[in-house]
Amino acid sequence: MDSRLEAVRDTVLARNPGELEFHQAVTEVFESLGPVHDRHPEFLEGAVLERLCEPERQIIFRVPWTDDAGRVHVNRGFRVEFNSALGPYKGGLRFHPSVYLGIVKFLGFEQIFKNALTGMPIGGGKGGSDFDPRGRSDAEIMRFCQSFMTELYRHIGEYTDVPAGDIGVGGREIGYLFGQYKRITNRYESGVLTGKGMSWGGSLVRPEATGFGTVIFAQEMLKTRGQSFDGQRVVVSGSGNVAIYAIAKAQALGATVVACSDSAGYVVDEAGIDVALLRQIKEIERGRLPEYAERRRGASYVAGGSVWGVNGTVALPCATQNELDGDAAAKLVSNGLLAVAEGANMPSTREAVAVFQDAGILFAPGKAANAGGVATSALEMQQNASRDSWSFEHTEARLTEIMVGIHDRCAATAEEYGAPGNYVLGANIGGFVKVADAMLAQGLI
């Protein structure tokens, strides 16, 4: 790393002690930026990096709620409004016990670059709570969401900050959150949240967008080596929204997805994952992955262990951060891996990324490969602003256009800066320069 950048990085890490995921995200970006500052000394002179690493606003609040037995619980809520140089803050809400400030900041920091790469006018932010929705009734989740929004509402708005869903926050939660926002503000402000239901301001393709987009990006990478998804053997981590639609898209393009996972193990289905059955179990029944193997002939569930031990030519990590380490990466490579596209946010450790790059594996970082979700959220905002609703075909075509554009922008930037095929460098520099130019243009704010 360039010594000038290393000094800034060390200061950022010292000012944010204990936030390991944020440290990892910052370091990964800084390692790409040396060539940029050689060409653009004005970025260093304007302290753009120091300003970029300090959120414009960090909000932490108490969320009290009662369960069905009348017991009082207190959770902690977060919203980090990181950077608004390109537009209103945009990024999801995550409800999971692991959520703390460091995770929210890492997600928000990544969101800045991801949103910039889409070419849409949206800034970067993220939020959530350490609330665990698993096993809670609809009534309990409604009461939690109403309490959460009773504080959050004062900080958001269609021209200020537009949250969406993430882990633990799906259509049900967005509905409860939107209802409480409308109740408090007395405004039907459709553009304040994305991921809404289709009958009240949502967009077609939004549920599919992150998974579809990840596969579209991977397909573009494969094309650079004269290949496609047709005939590929694919391994996917996760079995939630992103994983389900990544599986569906990969199989629509001719691949066979042979494995997916949950937090307790993984399922192997050599005939190809039955997407309809997986959706029924995970999205409708809110069940667990072992039920898939019980209901699908020829499928088996492996408790514990890692899905990355299953042979595949394409890997799509779609679960959570740091799920794929260096040892798993080495095993995948030895088993004939061709490409990796991150459907989750930072699912590969730094060691894993190094293994992939050293082996010449096509590797797409999450800030590029999983940008389809936020891109389609921005398309939902467009439809809300114009009081319009687009067809599935039109919206999917726009998503495809955006994802191909992100791929081409990353590839061209990597080439321009002397590292052809390095999508990590291309994504980091491509997103950074766009935001940095806007920050300088808008003055010291």
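**Cores, helices and a pocket in a predicted model**

R286 lies in the loop between helix 11 (275–284) and helix 12 (290–295), where helices (H or I, at least four residues) and strands (E, at least two) are DSSP runs, numbered from the N terminus. The model is predicted, and local features need pLDDT of at least 70, side-chain atom pairs count only at pLDDT 80 or more, and totals for chains, interfaces and linings use all residues. Residues are numbered from 1 along each chain as its sequence is written, and side-chain values use heavy atoms, with hydrogens and water left out.

Although R286 is not a glycine, its phi is positive, about 55°. Most residues other than glycine have a negative phi. N322, also a residue other than glycine, has a positive phi near 55°. N322 is placed in the loop between strand 10 and helix 13. With 30% relative accessibility, N322 counts as partly exposed; buried means under 20% relative accessible area, exposed over 50%, and partly exposed in between (1.4 Å probe, protein chains only).

The largest nonpolar core comprises 59 residues. Such a core is a set of buried Ala, Val, Leu, Ile, Met, Phe, Trp, Tyr and Cys residues joined through side-chain atoms within 4.5 Å. The residues with the most contacts inside this core are F217, F229, Y292, L316 and I406. Helix 9 (residues 206–223) supplies the largest share of the core, 8 residues. When neighbours within four places in sequence are left aside, I406 is in contact (heavy atoms within 4.5 Å) with L117, T118, F217, A368 and A371. Another core, of 41 residues, lies apart from the largest one and has V36, V48, C53 and A116 among its members.

The structure holds 0 disulfides, a disulfide being a pair of cysteine sulfur atoms within 2.5 Å. For C410, the closest cysteine sulfur is that of C318, at 17 Å, which is too far for a bond. C410 is buried, with a relative accessible area of 0%. C145 is buried as well, and its relative accessible area is 0%.

Helix 13 (326–334) and helix 14 (residues 350–358) each have a buried side. In helix 13, the buried residues include G326, A328, A329 and L332. These residues lie on the same side of helix 13 because they cover an arc of only 160° around the axis; the arc is that of the directions from the helix axis to the C-beta atoms. D327 and S334 are exposed on the other side of helix 13. Strand 10 (314–317) and helix 14 are included in what covers the buried residues of helix 13.

In helix 14, A352, V353 and F356 are buried. They cover an arc of only 100° around the axis, so they sit on the same side of helix 14. On the other side of helix 14, E351 and D358 are exposed. The buried residues of helix 14 pack against helix 13, strand 11 (339–341), strand 12 (362–364) and helix 18 (423–441). G360, with a positive phi near 75°, follows helix 14.

Helix 14 also takes part in the second largest pocket, giving the most to its lining, with 4 residues. On a 1 Å grid over the protein atoms alone, a pocket is an open set of points where a 1.4 Å probe fits, with protein on both sides within 12 Å along at least five of seven lines, and lining residues have an atom within 4 Å of a point. The second largest pocket has a volume of about 310 Å³, the volume being the space filled by probe spheres set on the points, which are joined across faces, edges and corners. Its lining has 20 residues, of which E28, E31, R350, V353 and V424 lie nearest the centre of the pocket. The elements that give two or more residues to this lining are helix 2 (20–30), helix 14, helix 15 (366–369) and helix 18.

Helix 17 (residues 392–416) contains T413. T413 counts as buried, at 10% relative accessibility. Not counting residues up to four places away in sequence, T413 touches G426, I429 and G430. The C-alpha atoms of T413 and G175 are separated by 40 Å, and the two residues are 238 residues apart along the chain. A397 is also found in helix 17. A397 is partly exposed, with a relative accessible area of 43%. Between the C-alpha atoms of A397 and G165, which are 232 residues apart along the chain, the separation is 22 Å.
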